[in-house]
Amino acid sequence: MELFNSIFLLWGFSIDVWITIATVMAVIGVMLFTKVRTDAVMLIAIGVLFAVGVLDAKEMCSGFSAGTVVVTGVLGVVMAGLRYTGVLQWMLKHVFGLPVRYSTALLRMMVPVSLLSAFLSNTMLTMLFGNVLKRWSRKLNIAPSKLYLPMMYAVQMGGVLTLIGTSTNIIVADYYENATGKTMNMFSILVPGALCLLVGILFIVAMRRWLPDRKTPEEAFETAFDYTVELRVPSDNPNICKTLGEAGLFHVKGGNLIDIHHFDHDPSVLSEDEFIMGGDRLLYTGQIDEILELKDTHNLVVSDHHVRSMNEINKNYELRIAFVNFYSKLIGKTIGDSSVERDNNMVLVAVARRGKRIEAAPREVELQAGDTLLFECPRKTNTYAKHLASMLQFTDSQEVVKIGPNAIVSSLIMTVMMILTALNVVSLLHGTVLAALAMLLFRCCTINQAMDSVSWRSLMSLAGSIVLGTAIAKTGIAQMVAQTVVELVGTQPVMVMLGVCLAAMLITQIVENVAVTAMFAPIMYQAAVQVGYEPAPFLLALMIAANASYATPIAASPNMLVYGPGGYRFTDYMRIGIPLTIIVTVTGVAAVILAYPLVKL
Amino acid sequence: MEKDFEVKQEGSALTVTLGNKLYAVNSPALMEELVPYTDQGIEKVVFDATNLTLLSSSGVRVIMYCKQKLGASPEIVFVNCKEEVLEVLGLVGIRSIITFEKR
């Protein structure tokens, strides 16, 4: 070890610094080029840093016991209270309305969504409003792609209004508290954040023509939704005794076999290995004309009632639409190669890409991110189950929460929590815990709903990011990078602030913003200290820059969540996202300087 | 459920004595018992259907398995087959691949 240390010290860095740099690079590399879960990447990274002695046990556990991480988790329960009492549905009904003009629709959607985002999880809000927007876009006769991106931008910009609005703010606030012993107020970022939000919304409304007008992915399935074809196997069919796979009746051109009924309705599993018997009824969905060709090619006959509505098939099943997630392990594979259907008792009916149905046999289509899949699944399928949700995003949820009297109670609880924490009557941790308890006490949500609303994965990522930030600060990397920044841009504080913000803004377009913030919080802090200024305004500017991840679909979870439902292409994010990112970052830096004049240490 | 069938091997022939019913409840167990005979040179499978009164699609699946997967298309023989079972075999289109015997 001594020898290693002396070798590396010759280059100016200790072995700890090299290990930390390598770990951070590996984290970025793995997040960029692989589908490994962010929380796993973070936990492995801090595990490595602990194992090699860069971090001690207390430092390794610091992220998991951080008050801010607990606050994030408890906020999930508060959010469940608002969600299950119908507050969001009330908003849709009374605030969104039915505006005639597109620009008005954008304003009526973006303003309330961004305000809600100031207090609620960005990811959860994007998921909830994803379903709401689909219905709203139909009512307004506007393509969903014209609404999903603005909604996602509103959610992200609104998240910067308070410390609890987004994980990145929490990381920065936590770092500041650990480094200085001082606590940031929940609304410290409100003024600059609000200014960025105002500028951002005005920019989007003004440039609304740049928003892509994409075909609704669901349109590709309209025929399949309405019709299926039932074909019968006559008793003299030559394929009797063969399996469905051997006879070529399982994977068929233009459609898919979704059910098989033998003569006696005895239970049978739909698989390639099922034997064909005379009297079988084979149920297909897809391009009706192409499926009917099976009559000639496979000696099948049509049933008397051969084209019928999906609802007639089986009342226990329904057709559901899902999108392939950006980091889904299904990417590059076919559904036939996976166990998704088997594990969830679902049947893939059709696949569409960029709004166009793919003609090949659905189970043989190699899947891409954003592909739209039509499944036949049991009505009670839990599409939010973790094993399913990590691969596929179901947006056509039937869940419609009724607006009940508890909507007032949950709103009241939320408001009281905000006021008490803003006035520093109670700490943020106390406020959120009390609010969560109140939500449960007044039955705004059940215990199960509350527990399901906590994103344990995000909490792990958040805790891991905080620990990674600790390692960067402890090893002196932050100080070294900060010194380099000062050497490059000079000691002018505004330039230093802008320089670090621009670097964070660039990297956050390709790496998840939580990791970026964890890396840049100590760097920004050290840079401010080196030029001799109070670091708080610098860190506030960083909150805005690290959150400005608008230019790619992979930059943050909300970006990925709207990719499939909007039917977007990768470049759609860049067209309006790049100028928006620059405008918001520059406005953020300017607003921070105006709101919090820089003070010498 | 108590096992209501019996499988015996005599050289290259298998004799399956069936109970009253061959359906979803007992077919998987029979199938499980037949699988080890796959590719063991079985040339003839005799189903003693003397007591059989109910044959469901699960039971038909077992017969099809014997014909298609057990070996090189072994001969399938049904002994003392009742009318109701014959009807099912006709409906599913496999009467032509079965030899029927009365004993």
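User: In which helix is A:Asn122 placed?
Analyst: This is a predicted model, where local features need pLDDT of at least 70, side-chain atom pairs count only at pLDDT 80 or more, and totals for chains, interfaces and linings use all residues; side-chain values use heavy atoms, without hydrogens and water. Residues are numbered from 1 along each chain as its sequence is written, while chains are lettered from A and ligands numbered from 1 in the order in which they are written. Helices (H or I, at least four residues) and strands (E, at least two) are DSSP runs, numbered from the N terminus. A:Asn122 is in chain A, within residues 122–140, which form helix α8.

User: Is A:Asn122 buried or exposed?
Analyst: Buried means under 20% relative accessible area, exposed over 50%, and partly exposed in between (1.4 Å probe, protein chains only). The relative accessible area of A:Asn122 is 9%, so the residue is buried.

User: Which residue of chain B meets A:Glu274 in a salt bridge?
Analyst: A salt bridge is a side-chain nitrogen of Lys or Arg within 4 Å of a carboxyl oxygen of Asp or Glu. The pair here crosses between chains, from the loop between β3 (255–261) and β4 (281–286) of chain A to helix α2 (residues 57–68) of chain B. At 2.8 Å, N to O, the partner of A:Glu274 is B:Arg61.

User: How many residues apart in sequence are the parts that A:Arg353 and A:Asp371 tie together?
Analyst: These two residues form a salt bridge, with the closest N and O atoms 2.7 Å apart. A:Arg353 is partly exposed at 24%, whereas A:Asp371 is buried at 1%. A:Arg353 lies in strand β7 (residues 347–353) and A:Asp371 in the loop between β8 (356–357) and β9 (372–378), so the parts tied together are apart in sequence by 18 residues.

User: Which residue is linked with A:Asp572 and A:Arg575 in a network of salt bridges?
Analyst: A:Asp572 and A:Arg575 lie three residues apart in helix α28 of chain A, about one turn of the helix. Their side chains meet in a salt bridge of 3.7 Å, N to O. The network also includes A:Arg214.

User: Which kind of aromatic pair do A:Phe203 and A:Trp210 form?
Analyst: Rings of Phe, Tyr and Trp (its six-membered ring) pair if their centres lie within 6.5 Å; planes under 30 degrees apart count as stacked, over 60 as edge-to-face and the rest as tilted. By this rule there are nine aromatic pairs over all chains. The centres of A:Phe203 and A:Trp210 are 6.3 Å apart and the planes are at 80 degrees, so the pair is edge-to-face.
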